[in-house]
Amino acid sequence: MSEKEIDLTYPQRAALLLLAVGQDRASAVLKHMGPKEVQLIGSTMAGLGAISPEMVDAVLEEFITRIKDETGLGINSDEFIRNMLTGALGADKAGSIIDRILLGANSKGIEQLKWLDTRSIADLIRLEHPQIVAIILSLLDSDQAADVLALLPENMRSDILMRIATMEGIQPAALKELDEIMEKQLTGSDGMKSSSVGGVDTVANILNFMEGSVSEHIMEDINDNNAVLGQEIMDKMFVFEDLSTVDDRGIQTLLREISTDRLLLALRGVDDSLKDKIFGNMSRRAAEMLKDDLEAAPPARLSEVESAQKEILGIAKKLADAGEIMLGSGSGDELV
């Protein structure tokens, strides 16, 4: 395996493989992916830059080797798909889509929902029972769910998130019925197995993508109703200041993916520990320039600062999903 190939991230390997197999085959593969996976692969393709024959050879060799190892007679196809997705996207990201592919392989309504804009989704589900809304938001990506939740009536939000946080799963018949309802509403399915959705982690991720004052208000409501549940959610949330807990290598990886302008805006008003962490992982000259720019920068709107912070958090989460950085204190082995 070449040294260049080893340096590629898993999304880069997947993107390079799709580029190598040609437009028609790549299109056929992408049809089986959700909007977020398509966006990740597409943006990764666009950012690959120069591709050497050695890189292509190494990726193809790795893929063929894995296929030979996994696809003999009597293969457990579900296990192969799980291993393939985990290897391509990392355990955390793969875990969020395995159920959709294996446990809801023939669904149409719910999958169509994910391709709609957030306003259309909100309009479609706002009159549904709160438990139905909770299930649907659980099946969306966290940032998309956060945008939809922000468009729903304020008095619904904390109730819906509490339902998601205490959700333990969906029975096959219920998930199938929900899929059929969504398919009918979308003017459009079977073979459905149970899917594990919801939970405290889902709520924390949704709140991480919501505007600061809105998420704070929702958390107040949840704490008023169930203080224990509220604390569990807070323990799982990862906010911008928590980047100070990322190790130096992770910070350096993150800094390579964000622009100086967005970083300058995002660092307004954060505590010194995070600033020191950022400065300590830059060159001395770059750190001095950033410090000077921070001191000379005019006041900025809080909404603009929060937007820049959420953008950087989004990049950090993608890097964590790809296994390139670890978010959190490092006391556990879970990527968030």
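Predicted model: local features only at pLDDT ≥ 70, side-chain atom pairs only at ≥ 80, totals over all residues.
## A friendly note on this structure

1. With a relative accessible area of 13%, T44 is buried, because buried means under 20%.

2. What does T44 touch, leaving aside residues up to four places away in sequence? Its partners are P11, Q12 and A15. There is also a polar atom of the T44 side chain that lies 2.6 Å from the backbone oxygen of L40.

3. Next, have a look at A58, which belongs to helix α5 (residues 53-70). A58 has a relative accessibility of 6%, so it counts as buried. In sequence, A58 and R13 are 45 residues apart, while in space their C-alpha atoms are 9.5 Å apart.

4. Now for the nonpolar cores. The largest one has 40 residues, and within it L137 and I233 touch the most other members. Which elements give two or more residues to this core? They are α9 (118-125), α10 (130-139), α11 (142-151), α12 (154-165), α13 (172-185), α14 (200-208), α15 (212-225) and α16 (227-236). Apart from this core lies another, of 29 residues, and V246, L254, A266 and A308 are among them.

5. Not counting residues up to four places away in sequence, L137 touches I125, A145, V148, L149, I160, I164 and I206. Two of these partners, A145 and L149, come up again in point 7, where they are among the α11 residues that meet α14.

6. A polar atom of the S138 side chain lies 2.9 Å from the backbone oxygen of A134.

7. The pair α11 and α14 deserves a look of its own. Two packed helices are described by the angle between their axes and the distance between the axes. Here the axes of α11 and α14 come within 8 Å and cross at roughly 70°. That angle makes α11 roughly perpendicular to α14, because angles of 65 to 115 degrees count as such. The crossing of α11 and α14 is right-handed. Which residues make the contact? From α11 they are S142, A145, A146 and L149, and from α14 they are T202, N205 and I206. I206 is also one of the residues that L137 touches.

8. Finally, please turn to M326, in the segment after α21 (302-321). M326 has a relative accessible area of 28% and is therefore partly exposed, as values between 20% and 50% are classed. M326 and L243 are 83 residues apart in sequence, and their C-alpha atoms are 10.0 Å apart in space.

Notes
Residues numbered from 1 in each chain as written. Heavy atoms only, no water. Core = buried A, V, L, I, M, F, W, Y, C linked by side-chain atoms within 4.5 Å. Buried < 20%, exposed > 50% of the residue type's maximum accessible area, 1.4 Å probe, protein only. Helix = DSSP H or I, 4+ residues; strand = E, 2+ residues; numbered from the N terminus. Contact = heavy atoms within 4.5 Å. Polar contact = N/O pair within 3.5 Å; in protein donor to acceptor, adjacent residues only side chain to side chain. Axes fitted to C-alpha atoms, helices over the stretch in contact; angles between N-to-C directions. Parallel < 35°, antiparallel > 145°, perpendicular 65-115°, else oblique. Left-handed = near helix turned anticlockwise from the far one by under 90°.
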